[in-house]
Amino acid sequence: MKSTDSLSLSPHAAAAERRGFNTSLGRKLCAGAEAGLLPHLHVVIAERGGETVLESYGKGEDENWGRPIGEVTFGPETLHDLRSVTKSIVSLLYGIALERGEVPTLDTPVLELFPEYADLAVDPKRMERTVEHALTMSLGMEWDETRPYTDPENSEIAMEMAPDRYRYILERPLVGDPGTRWIYSGGATALVGEILQRGTGQKLADYARERLFSPLGITQFDWSIGRDGAYSPASGLRLVAPDLLKIGRLVLGNGIWQGREIVPEAWIRASLQPIIETSEGPGYGYFWFCGQVPVPALGGPTRWFAGFGNGGQRLWLCPKADVAAVIYSGNYNDWSAWIPPTRVWSEIILANLREA
């Protein structure tokens, strides 16, 4: 294994044993990496019941929102791109704001919230697209992120380059009825992020700091901004891995952190319902993927939820096992980037749960 991909493992065998894992959990991770089966891993952390059972940091080439930053030696205080895991954080923010009456209900037509585009609102078909359709990426509007993010014809990149990002999104051709077809869209998330900002009267990063990060004790983060000054709710957040794990624990706790409700429980439950099927296999809720994986220790197929990000970024959650995991990787813009984090989650972490 190349030194730039090497992982260093902290000793968590005792915690793993206490929490019902095979004590060889860490060794299996290292063996998989050394065998070349888990390339480009930067960080792996897993916890069960609030106790860390696996924690590993490596080094490798990395990027900051598409800009190469060279070789980085990762640790618990190293910021890392979340890429599209950012979307799942934005979902939590919307739930907080909705409970506080700061943003519109989910059945609100999106174009009602952008009155500056009155020319688009005259089309009754466009007025059928609601906030919920944006949260579930089922707007039924043309959008193509299958191209690499280095390609200017990738819709998210084209949006970033457009003179008016929101007009660019909202005037996309209609390709289906809303709520009937999942089309992966950073544009949908951009709309939700702007609705959040307009409703709360705060910049996205400021609202996240006040309502989500500070209550969790998260003080270190970065949020990328486009050339027009707009924060990127689709892919721009950077967090250290232990802090993303806190957010995972918050979701597993139904929005409760140290006895205090941070995100409404009803929103957590609604967000994790598979409302529409994706083209990638799992279902999709409010900016969360929802699927199943065989877990012998839990009696068979078991539900998981996750935020997925370009390059192999993952926040995995398994409520039945009370397990959360964060995986950071550097395999950006590669179709196979999903394979190593999926192997870590299903073949190392969940597969090494002991029989009940």
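Predicted model: local features only at pLDDT ≥ 70, side-chain atom pairs only at ≥ 80, totals over all residues.

Q: How are the rings of Phe114 and Tyr117 arranged: stacked, edge-to-face or tilted?
A: Start with the tally, which comes to 15 aromatic pairs. For Phe114 and Tyr117, the ring centres are 6.3 Å apart and the planes sit at 25 degrees. Planes under 30 degrees apart count as stacked, so the arrangement of Phe114 and Tyr117 is stacked.

Q: Is Tyr117 buried or exposed?
A: The relative accessible area of Tyr117 is 4%. Anything under 20% counts as buried, so the word for Tyr117 is buried.

Q: What kind of pair do Trp143 and Tyr168 form?
A: Their centres are 5.8 Å apart, with 70 degrees between the planes. Angles over 60 degrees get their own label, so Trp143 and Tyr168 are edge-to-face.

Q: How many residues apart are Trp143 and Tyr168?
A: This pair links distant parts of the chain. Trp143 is in the loop between helix H5 (131-135) and helix H6 (155-161), while Tyr168 belongs to helix H7 (residues 165-170). The separation is 25 residues.

Q: Which residue lies over the face of Tyr168?
A: Tyr168 itself is buried, at 16% relative accessible area. Over the face of its ring, at 3.9 Å from the ring centre, lies Arg172.

Q: Which ring has the charged end of Arg314 over it?
A: One aromatic cluster takes in Trp182, Tyr184, Tyr284, Phe289, Trp304, Phe308, Trp316 and Trp345. The charged end of Arg314 sits 4.2 Å from the centre of a ring, and that ring belongs to Phe308.

Q: What separates Glu194 and Arg198 along helix H8?
A: Their side chains meet in a salt bridge, 2.8 Å from N to O. Glu194 counts as buried at 12% relative accessibility, whereas Arg198 is partly exposed at 37%. The two are four residues apart in helix H8 (residues 186-200), so the separation is about one helical turn.

Q: Which residues do salt bridges with shared partners join into one network?
A: The salt bridge count comes to 24. Where bridges share partners, one network joins Glu63, Asp81, Arg83 and Arg238.

Q: Are Arg165 and Glu160 buried or exposed?
A: Arg165 and Glu160 form a salt bridge, with the closest N and O atoms 2.8 Å apart. As for accessibility, both partners, Arg165 and Glu160, are buried.

How values were computed:
Residues numbered from 1 in each chain as written. Heavy atoms only, no water. Phe/Tyr/Trp six-rings, centres within 6.5 Å; stacked < 30°, edge-to-face > 60°. Buried < 20%, exposed > 50% of the residue type's maximum accessible area, 1.4 Å probe, protein only. Lys NZ or Arg CZ within 6 Å of the ring centre and 35° of its normal. Salt bridge = Lys/Arg side-chain N within 4 Å of Asp/Glu carboxyl O.
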